[in-house]
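Thanks for making time this morning.

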Amino acid sequence: MGQLSTRHLIGIKDLTKEDIELIFKTADEFKEVINRPIKKVPSLRDTTIANLFFENSTRTRLSFELAEKRLSADVVNFSASSSSVKKGETLIDTVNNILAMKVDMVVMRHPDPGAAKFLSERVKTVIVNAGDGTHEHPTQALLDAFSIREKLGADFKGRKVAIVGDIMHSRVAISNIYCLQKLGAEVMVVGPSTMIPKNIESLGVKVSNSLMDALNWCDVANMLRIQLERQGDDKDVAFFPSLREYTMLYGLDKEKLNSLDKKITIMHPGPINRGIEISSDVADSDQSIILNQVENGVAIRMAVLYLLAGSLGRN
Ligand code: CP
């Protein structure tokens with residue numbers, strides 16, 4: 001097995017194409033393992049991993065925990081809501097106290113962009129970013145690209161992926177752009193101009209405000225969740241007039257999908273706002289690979305943890 005060019009996984013920006021392909025190749029092997037009756041391998045026996053979640057999560061948190069357990073690691077889970085962070089302890093003190101209990105690797109989700117990088121420069125452990133604010137969500141992008149590869153084949157050259165919705169607040173969009181482009185795919189971001197960052201063209205993506213134009217262009221549409229929690233303090237819509245209008249213009253339903261003269265693949269990172277960015281009949285259709293994405297998340301996270309653990313000198 002090869003080695004990654006990085007000691008931590010902070011963002012896809014830091015990975016090479018070879019790193020991504022090595023993660024995919026390793027995930028192929030782990031996917032085979034987790035479909036066996038006995039789903040465990042001893043690869044990370046005697047390795048202790050702490051999952052630090054300072055922000056809510058269902059898929060990422062469970063998927064990392066399952067990945068760690070399938071690799072036979074010892075696992076401790078930390079949730080900010082029930083921790084001494086509530087008593088004013090700093091992030092560095094919290095993590096150094098956890099490391100004093102002989103933890104080898106830290107998986108962290110945090111609401112602040114840059115939190116994973118900040119930590120990786122200040123504590124002596126391997127850091128895996130499980131999503132840091134609006135910055136990056138690297139394992140999501142890896143599992144998304146791995147799911148496209150599984151569905152459409154390994155050659156990404158010329159493959160067209162539209163990322164639709166709240167690009168402004170989306171760490172998934174940024175990580176997907178880096179990952180897909182490194183693999184050779186073309187990316188279009190689509191949404192109301194208020195939700196598309198200025199100068200995003202400088203990343204080499206196409207930009208559109210028309211969902212139908214994007215759907216006619218792409219092979220894959222990745223429908224993002226509207227992140228009301230990142231839109232401001234009043235928790236109300238702030239970047240478009242109403243959810244109803246957003247759904248009319250940018251929500252994907254069967255009528256829009258069936259009007260295309262080709263069958264495109266539909267993705268969503270979850271959690272889904274059914275009836276807002278995607279209708280139930282599209283989310284549950286045979287064109288959707290949403291649950292394949294979730295399934296592949298475990299194999300991808302096993303691969304990432306296994307390869308990063310190489311720097312601990314245990315593989
Ligand atoms: N896709 C994703 O990150 O989902 P969770 O917030 O449930 O982890």
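I will go from the sheet to one helix packed against it, and then to the aromatic pairs.

A word on conventions first: this is a predicted model, in which local features need pLDDT of at least 70 and side-chain atom pairs count only at pLDDT 80 or more, whereas totals for chains, interfaces and linings use all residues. Residues are numbered from 1 along each chain as its sequence is written, and side-chain values use heavy atoms, with hydrogens and water left out.

Let me begin with the sheet, where helices (H or I, at least four residues) and strands (E, at least two) are DSSP runs numbered from the N terminus, and two strands pair if DSSP finds at least two bridges between them. Four strands make up an open sheet, in the order β2-β1-β3-β4, with parallel pairing. The edges are taken by β2 and β4 (126–132), each of which has a single partner strand, so one side of each is left without a neighbour in the sheet. From one strand to the next the twist averages 15 degrees, with axes being lines fitted to C-alpha atoms, for helices over the stretch in contact, and angles running from 0 to 180 degrees between N-to-C directions. Between β1 and β2, which run parallel, there are six bridges, and L52 stands opposite F78 in β2.

Now to helix α3 (residues 91–99), whose buried residues are L91, T94, V95, I98 and L99; buried means under 20% relative accessible area, exposed over 50%, and partly exposed in between, with a 1.4 Å probe and protein chains only. These residues cover an arc of only 130 degrees around the axis, which puts them on the same side of α3, the arc being that of the directions from the helix axis to the C-beta atoms. What covers them includes β1 (48–53), β2 (74–79), β3 (105–110) and α4 (115–120), where contact means heavy atoms within 4.5 Å.

Finally, the aromatic rings. Rings of Phe, Tyr and Trp (its six-membered ring) pair if their centres lie within 6.5 Å, and planes under 30 degrees apart count as stacked, over 60 as edge-to-face and the rest as tilted. By this rule there are five aromatic pairs. F30 and Y306 have ring centres 5.6 Å apart and planes at 75 degrees, so the pair is edge-to-face. This pair links distant parts of the chain, with F30 in helix α1 (residues 17–34) and Y306 in helix α11 (residues 290–309), 276 residues apart, and both F30 and Y306 are buried.
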